[in-house]
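These are my notebook entries on a single protein chain.

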Amino acid sequence: RQKRLTRNQHILFTLGLLCAHVEVSAAFCRKVAAGDCATSRVSIETLAAMSRLWARRTAQEMTADGLSLISGSGALTGDALHSFIKLIQFDAIQDHFAGNLDDLDAVAHDLNQ
């Protein structure tokens, strides 16, 4: 019984963390889309780069941690797991990391001025 509680807590905490990251990412995107950088010490371009960085990180964590929970639970295995990976377009998510280092450089340049 205790082991089951620990397992459930791990899943709940992981899902909670992932939800929080998605909410922060969405808030970041809304702020950039509105052009609202009045409460920030960086330009809207830097804020957009920060938003992309956070969105990429969130996507990476969602896919990695989500797949870890799904495959670790045994809910999907073998062909079903491979079909799920194809369904969520895992490769396309990885392709969106192009430009990540450029965004990091842009943020670093703006913050170091």
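**Entry 1: Overall form**

I looked up the radius of gyration and found 18 Å for the chain, whereas a compact globule of 113 residues would have one near 13 Å. This radius is taken over C-alpha atoms, and the globule rule is 2.2 Å times the number of residues to the power 0.38. Along its principal axes, the C-alpha trace spans about 55 × 30 × 25 Å.

I note that this is a predicted model, in which local features need pLDDT of at least 70 and side-chain atom pairs count only at pLDDT 80 or more, while totals for chains, interfaces and linings use all residues. Residues are numbered from 1 along each chain as its sequence is written, and side-chain values use heavy atoms, with hydrogens and water left out.

**Entry 2: Elements and burial**

I found five helices and zero strands in the chain; helices (H or I, at least four residues) and strands (E, at least two) are DSSP runs, numbered from the N terminus. I then looked up burial: 21% of the 113 residues count as buried. Buried means under 20% relative accessible area, exposed over 50%, and partly exposed in between (1.4 Å probe, protein chains only).

**Entry 3: Salt bridges**

How many salt bridges does the structure hold? I found three, a salt bridge being a side-chain nitrogen of Lys or Arg within 4 Å of a carboxyl oxygen of Asp or Glu.

In one of them, Asp-103 meets Arg-52 at 2.7 Å, N to O. Asp-103 lies in helix H5 (residues 100–111) and Arg-52 in helix H2 (residues 44–73), so this pair ties together parts that are 51 residues apart in sequence. Is Asp-103 buried or exposed? Asp-103 counts as buried because its relative accessibility is 8%, while Arg-52, at 38%, counts as partly exposed.

Asp-103 also forms a salt bridge with Arg-56, the closest N and O atoms being 2.8 Å apart. This pair, too, links distant parts of the chain, with Arg-56 in helix H2 and Asp-103 in helix H5, 47 residues apart. Both Arg-56 and Asp-103 are buried. I therefore recorded Arg-52, Arg-56 and Asp-103 as linked in a network of salt bridges.

Finally, I looked up the pair Glu-61 and Arg-57, whose side chains meet at 3.0 Å, N to O. Glu-61 and Arg-57 are four residues apart in helix H2, which means that about one helical turn separates them. Glu-61 is buried, with a relative accessible area of 18%, and Arg-57 is partly exposed, with 41%.
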